[in-house]
Structures are given as C-alpha cells and as structure tokens.
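Me: I've got a structure open and want to talk through a few spots in it. Can you take some quick questions?

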Amino acid sequence: MTDPGTPDRRARALAALADQTIELPSWAFGNSGTRFKVFGQPGVARDPFEKIEDAAVVHRFTGAAPRVSLHVPWDLVDDFGKLAAHAADLGVSIGAINSNLFQDDDYRLGSLTHPDEAVRRKAIAHHTQCIDVMRATGSTDLKLWLPDGTNYAGQDDLRGRQDRLADSLQQVYAQLDPGMRLLLEYKFYEPYFYAMDIPDWGTSLLHCLALGEQATVVLDTGHHAPGTNIEFIVMQLLRVGRLGAFDFNSRYYGDDDLIVGSADPFQLFRIMNEIVAADALRPDSGVNFMLDQCHNIEPKIPGQIRSVMNVQEATAKALLVDREALAAAQASGDVLGAHGALTDAFGTDVRPLLAELRESQGLDLDPYAAYARSGHQERIARERVGGTQASWGA
Ligand code: LRH
Ligand code: MN
C-alpha cells in the first residue's frame, strides 16, 4: 500500500485544486426531461438572468465555478452586454457559447451537411450570430455539437456529407477572431440512429486538423458507446494538443446527462488521472472543464453544487496518486503494484483535504450542506412565482 497522502503531495494537490475551475451550463438551471416528460420544479429560473444568478450561487458555495456557458437561442436576450455585466456583478463570467442545430425543421436531413446549399448557409449564419454573441459577452469558445446524421443505410452519401461538412466548418472557422476557439463536439448516436456525421473523437479530430490551430475537440463523457475507454481518448487528444474541453456528466445507458461521477466515479477518476499525468489541470492548459447535465427530477442548484464537488473529489484523488511508485511499478512490470498505485489513491478519502481547501478559501467545509442550511432554495421557490420557467428547448 503506497501512502498517497505525503505532506508534499497534499500541498501540491491543494495548490492545484485552488486553481481548478468548472464551467456550468445555463441549461442545467432550466427544466429538462425526456421525450416522456419535462418536469417543472418550484423556484426554477425563468430567464437567462436568473440562470446566471443560480450559477453564481453555485460559485459562491463552491468557489470553483466562475463561468457559465450559454446556449443560443435558449439564452437569447436583447442586450448580451447587459447579461455579461449582470454576471460580472455576481462574480461570474460568460463562458462558451453553444450553437443549436437540433431544433429547426429545416435541419431534418442535416444542417452543415445538408445537400441543399441554402440550408447549409442558414446553419453557417447561425454561427455568425453566435460569434457576435461571443464578441458581446467576451467569450472565446464557440462550442458546436453537430447533431446531423442519417437513420437508414443509403439515405445519403456518407462521404458527400463529410465534404459538405468540411466546407461549412471552414466557413464558420474563418469568422473566428484571433484568440477565439471552435470546440467541435462528437456523439456516437442520437438524434440519428444509423450514422452521426461526427460520431467519434477521430472524426472530430480530423475536421479540427483540417481547420487549423483554433479548432479543438470537445469530449462529452455521455457520447460514447458503452464500454468505451474514455481516458484513452483523453490521453490521445492531450498527446496531440487537441483536447479543448470536456462536457462532464455520467450515464448508465444512453446520453443520460446525469450528475458527473454519480454513475461511475472510478471512470471519472481515471479521466482526471490522465489529465493530471499530462499536467493538463493548469488553468492555461487550454482544457475547459465544463458540465453538461440535466437535473430532470432533482433540484438544480444543489445538483450543480454536488457535481462540482464530485469533480473536485475525483481531481483530488488523481492528484494524490504516488506517481514515482506508479512509474517504477510500470517500468518493472509490476502489474498489480501499478494498478494499486491508482486504486490506493482512488480509495483515499479526500474530503478532509477538500475541507482544508475550502477553509483556506473562507468557504463552508461542505458546500452542499451549507446550501441546504442557507434557505436559498426555499426563498427562490417563494419569490419566483409567475412567468414561465425556463425549459430545455424553450
Ligand atoms: C448534445 C449536448 C451538447 C449540447 C446539448 C445541451 O447531446 O451534449 O453539448 O448542445 O447536449
Ligand atoms: Mn455535450
């Protein structure tokens, strides 16, 4: 049993954890569900301003969530400068701007891949709008999940769609200002079931390499076939310098968008272990750690607080891996010794270390419990009456 908690390793872990930031998705604060039902809940945000207020509450209790990503058109407002100022007043900032190509009838047979040039032009123009929002909010990340795909073999020419996609992406990429990035997200199935046009990391990477340095891959942890070794993909994308961001969540079967680490905490640990091993936790590593979740049945703000805490816990365990012992065991072919170096760290209770971090930041040692005691949830349930609750898709 290696001792993962040497004073020196704990000190380095505390320093790295103090710099860790996790970006929250605005849509996590709206109602969400499945095709069967979208449930309402008391106190849910009714507009982007209230979504940002909720995100700022998560940051106030965790100290680790200073950015909120927006989704266009779900978060459309008349004045994005005003929204960004509202965020700044609350101690947070606007993060990635997400485009939306998955709720328009014109995109039934595709958007950036559509056979009809006019439809592709419309989808490209949507990104022009998103880039204008970025200029107004000071955002640097344009996040593009491509929902395009086909449902039946032969429905369309797979190669033709790739060629049209490459051309459309080039036209979007050409509009980026220096310092801006295109984050290209893949997904292996849904909303199409025969072929998605960007189904995997390799396809996203190929398009990013063709576009240029400002194009990187988004890895959504819910977008892989069951059993996929996601940390291998993390390692490979870091190795080629093209891991731009994570969309953290967890799943049992499909793209369930559940609380990160709730379904498979060991997988989240293995992912963060590759991040730490590649020294990619640094704020300037270029990896944007974002959540992409839906709290269908549980309260939104506590759900996001628990999510941030889960990422911090997995990160703390990864930072406590005895890397010298691991490297020595790997070099000497000590299979179980090497595996043990990871499982020892994973088995470490890091809550005292995180309590120490929060104490040093003037935060409550247990943000989740502190929020429950704060009465904030009851207050917004009382105050937010009338109007229409924000909802996935509305
Ligand atoms: C697609 C996705 C994408 C977002 C959406 C909210 O499944 O992961 O990142 O646009 O969820
Ligand atoms: Mn996602």
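Me: Which residues are exposed on the other side of H13?
Reply: Ala372 and Arg373 are exposed there. Keep in mind that this is a predicted model.

Me: OK, and which residues of helix H13 are buried?
Reply: In H13, which covers residues 367-374, the buried ones are Pro367, Ala370 and Tyr371. Looking down the helix axis, these buried residues fall within an arc of 100°, so they line one face of H13.

Me: What do the buried residues of H13 pack against?
Reply: Four helices: H2 (48-62), H9, H12 (351-360) and H14 (376-383).

Me: What's going on at the start of H13?
Reply: A side-chain oxygen of aspartate 366 comes to within 3.0 Å of the backbone nitrogen of tyrosine 368. As for what comes after the helix, H13 is followed by glycine 375, which has a positive phi near 80°.

Me: Switching to the metal. Which residues are the protein donors of the manganese ion (ligand 2)?
Reply: Glu185 and Asp220, plus Asp247 and Asp292. The glutamate uses OE and the aspartates use OD, and they lie 2.1 to 2.2 Å from the ion.

Me: Why is the arrangement around the manganese ion octahedral?
Reply: The ion has six donor atoms around it, and they subtend angles of 74 to 169°, which makes the arrangement octahedral.

Me: How are those donor residues spaced in sequence?
Reply: The pattern is E-x34-D-x26-D-x44-D. Glutamate 185 and aspartate 292 are 107 residues apart, so to speak linking distant parts of the chain. Glutamate 185 is in strand E6 (residues 181-185), while aspartate 292 is in the loop between strand E10 (288-291) and helix H9 (300-319).

Me: Are glutamate 185 and aspartate 292 buried or exposed?
Reply: Both are buried.

Me: You mentioned E10. Which of its residues are buried, and on which side?
Reply: Both faces of E10 are covered. Asn288 and Met290 are buried on one side, and Phe289 and Leu291 are buried on the other. In a regular strand, side chains alternate between the two faces of the sheet.

Me: How does strand E9 pair with E10?
Reply: In the parallel sense, over four bridges.

Me: How many residues of E9 are buried?
Reply: Six of the six, so E9 is largely enclosed by the rest of the structure.

Me: New topic: where is tryptophan 74 found?
Reply: In the loop between strand E2 (67-71) and helix H3 (80-89). Tryptophan 74 has 9% relative accessibility, so it counts as buried.

Me: What does the side chain of tryptophan 74 make a polar contact with?
Reply: With the side chain of glutamine 103, at 2.8 Å. As for lysine 187, tryptophan 74 is 113 residues from it in sequence and 21 Å from it in space, C-alpha to C-alpha.

Me: Last one. Where is histidine 127 found, and what does it touch?
Reply: Histidine 127 is in helix H4 (residues 117-137). Leaving out residues up to four places away in sequence, histidine 127 touches Ser99, Leu101, Leu112, Leu142, Leu144 and Val172.

Me: And why does histidine 127 count as buried?
Reply: Because its relative accessibility is 0%, and buried means under 20%.

How values were computed: Residues are numbered from 1 along each chain as its sequence is written. Chains are lettered from A and ligands numbered from 1 in the order in which they are written. This is a predicted model: local features need pLDDT of at least 70, side-chain atom pairs count only at pLDDT 80 or more; totals for chains, interfaces and linings use all residues. Side-chain values use heavy atoms; hydrogens and water are left out. Donors are N, O and S atoms within 2.8 Å of the metal (3.2 Å for Na, K and Ca); water is not among the atoms, so sites may look incomplete. Four donors count as tetrahedral if all angles lie between 85 and 135 degrees; four count as square planar and six as octahedral if opposite donors are over 155 degrees apart and all others between 65 and 115; anything else is irregular. Helices (H or I, at least four residues) and strands (E, at least two) are DSSP runs, numbered from the N terminus. Buried means under 20% relative accessible area, exposed over 50%, partly exposed in between (1.4 Å probe, protein chains only). A polar contact is a pair of N or O atoms within 3.5 Å; within protein, one must be able to donate a hydrogen and the other to accept it, and residues adjacent in sequence count only if both atoms are side-chain atoms. The arc is that of the directions from the helix axis to the C-beta atoms. Contact means heavy atoms within 4.5 Å. Two strands pair if DSSP finds at least two bridges between them.
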